[in-house]
Amino acid sequence: MKLKSLQLLFILPFLCLACSKPVPPPEPVGPLPSPQQLAWHEMEYYAFVHFNMNTFTDLEWGLGGESPEIFNPTELDTRQWARVAKEAGMKAIILTAKHHDGFCLWPSEYTEHSVKNSPWKNGEGDLIKELAAACKEYGLKMGLYLSPWDRNHAAYGSPEYITYYRNQMRELLTNYGEVFEFWVDGANGGDGYYGGANETRNVDRTTYYDWDSTFALARSYQPRIVSFSDGGPEVRWVGNERGIASETNWATLKRADFAPGVADSKLLGSGQMDGTHWVPAEVDVSIRPGWYYHESQDDKVKSLEHLLDIYYKSVGRNGNLLLNLPVDRRGLVHENDVKALMDLRKALDETFADNLALNTKASSSNSRGSGFEAPKVLDQDKSTYWAAEDGVLEAFIELDFGKEIDLNRLVLQEHIALGQRVKEFKVEAFVNSHYQEIDRQTTIGYKRILRLPNTKTSKLKVTILDAKASPTISNVEVYHSVGEPN
Ligand code: FUL
């Protein structure tokens, strides 16, 4: 008898294992990101480069009648751009292949208004080719900005210009290897040179380009590309050029209500919880006041404090940061900008060096079971996550540090492959033997970074207060920044 019960004790766990069904993952809550968009989210921080005719005319918007003779960088070095971007921790460079004045940085077959008629390399140069090679060498991705508005082209405003625009798009997206992002801005129509007509031309921004077909063409040339504009289709503008995403930032949008140049900037900032498509926000901002280089702004490079603030309000608010570097007349990222970038990198590296959540104990008020328990938020595996049971919209995760520690930064990530869910959450610290609220916020999304007050605590609790469906959290990190202004 004794032997029998012992045997049973031994066999029982195996029997249970054999009969217990694996816990299925939660059902996704749409809209969902595409694989391209998931890869895009992980890029987080990359460079914009505004370098073109305006660099030499000291303008922000050229009229279109500038002579190609003016374009003449003396020390152009895309490898310097790529080295700087890489050392700054950026993942890509997006270049203004053509801005509103219409000058092309590659020898386009469809116009004379390009580098081929400039003194740079005796008209033999191709800046896109050079950038593609430099990005490849430094392990960066390349993106291209092709302004829809063209103040140089004689046919701007007519159907002929759309053919021209699409031909140029094809050149850029088929001749230079992989392009990760196609960038379309919203400025469109107005005064221009227009082949010498020197007049005002306006277009219907919603219909003129037939954007659905134009973006479909981009995808046909580069299946892994994401296209950016005020309303996506894959990546949206954040609604301002100050480097600030809204605190509430849904990656979802009612896409049909937006078009390049037709956008409600407030809605672009927050996204729409009930959006029909996954269209996450990209935060574009320049490291100087202007997008283009102006010597007069050499001493107006943003301070470390300002750049850190931008980082927390972009990457820290579920947006990607596209930080613009106005390459100078030599064709180099200016020394002052390089210094600012490296200072930012150093500050971020110091702050995020030591994840205090590692080796702590994580528990939760609810979990859907095996494979979805609280410690999954600490395993540094982006494919695993803590999930509450279906229908449970309020639940917490608690981290027990085992001793009192100092902290002031919290990183949270949702498992967005199953949709963005969290609507509201609070953060509490265990101070003087009881929990005290230290922050309360709305959305999380791909990534949320909170600058918390300096706090001494032995435990931290993150409570999801409301969500579109049971929360799925893939990552929690805790830090103590000492060098940064808090
Ligand atoms: C805007 C343009 O008009 C600016 O010149 C700049 O390129 C900015 C990034 O996009 O729409």
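Which residues do ring pairs link into a cluster? Y156, Y161, Y164, Y165, Y194, Y208, Y209, W211 and F215. The close-ups below come from a predicted model, where local features need pLDDT of at least 70, side-chain atom pairs count only at pLDDT 80 or more, and totals for chains, interfaces and linings use all residues. Residues are numbered from 1 along each chain as its sequence is written, and side-chain values use heavy atoms, with hydrogens and water left out.

**View 1. The residues around the ligand.** F48, H50, W61, H99, H100, Y145, W183, D185, A187, E241, D284 and W291 surround the ligand, where near means that a heavy atom of the residue lies within 4 Å of the molecule. Sorted by class, that shell has six nonpolar, three polar and three charged residues; Ala, Val, Leu, Ile, Met, Phe, Trp, Tyr, Cys and Pro count as nonpolar, Asp, Glu, Lys and Arg as charged, and the others, Gly among them, as polar.

**View 2. An edge-to-face pair, F51 and W81.** The structure holds 29 aromatic pairs, meaning rings of Phe, Tyr and Trp (its six-membered ring) with centres within 6.5 Å; planes under 30 degrees apart count as stacked, over 60 as edge-to-face and the rest as tilted. F51 and W81 make an edge-to-face one, at 5.8 Å centre to centre with 75° between the planes. Because F51 lies in the loop between β1 (45–49) and α3 (53–57) and W81 in helix α4 (residues 78–87), the pair ties together parts that are 30 residues apart in sequence. Helices (H or I, at least four residues) and strands (E, at least two) are DSSP runs, numbered from the N terminus. F51 is buried at 0% relative accessible area, and W81 is buried at 1%. Buried means under 20%, exposed over 50% and partly exposed in between (1.4 Å probe, protein chains only).

**View 3. A stacked pair, Y145 and W183.** These two rings stack at 5.1 Å centre to centre, with 10° between the planes. Y145 is in strand β3 (residues 141–146) and W183 in strand β4 (residues 181–183), so the pair ties together parts that are 38 residues apart in sequence. Both Y145 and W183 are buried, and both belong to the set surrounding the ligand.

**View 4. Charges over rings.** K461 lies over the face of F396, 4.4 Å from the ring centre, while R368 lies over the face of F372 at 5.9 Å. To count, NZ of Lys or CZ of Arg has to be within 6 Å of the ring centre and within 35 degrees of the ring normal.

View 5. Most residues other than glycine have a negative phi, and most peptide bonds are trans. The bond from G30 to P31 is cis, with omega near -10°, and the one from G232 to P233 is cis with omega near 20°. Phi is positive at Q380, near 60°, and at S433, about 65°. Q380 is exposed at 62% relative accessible area, and S433 is exposed at 67%.
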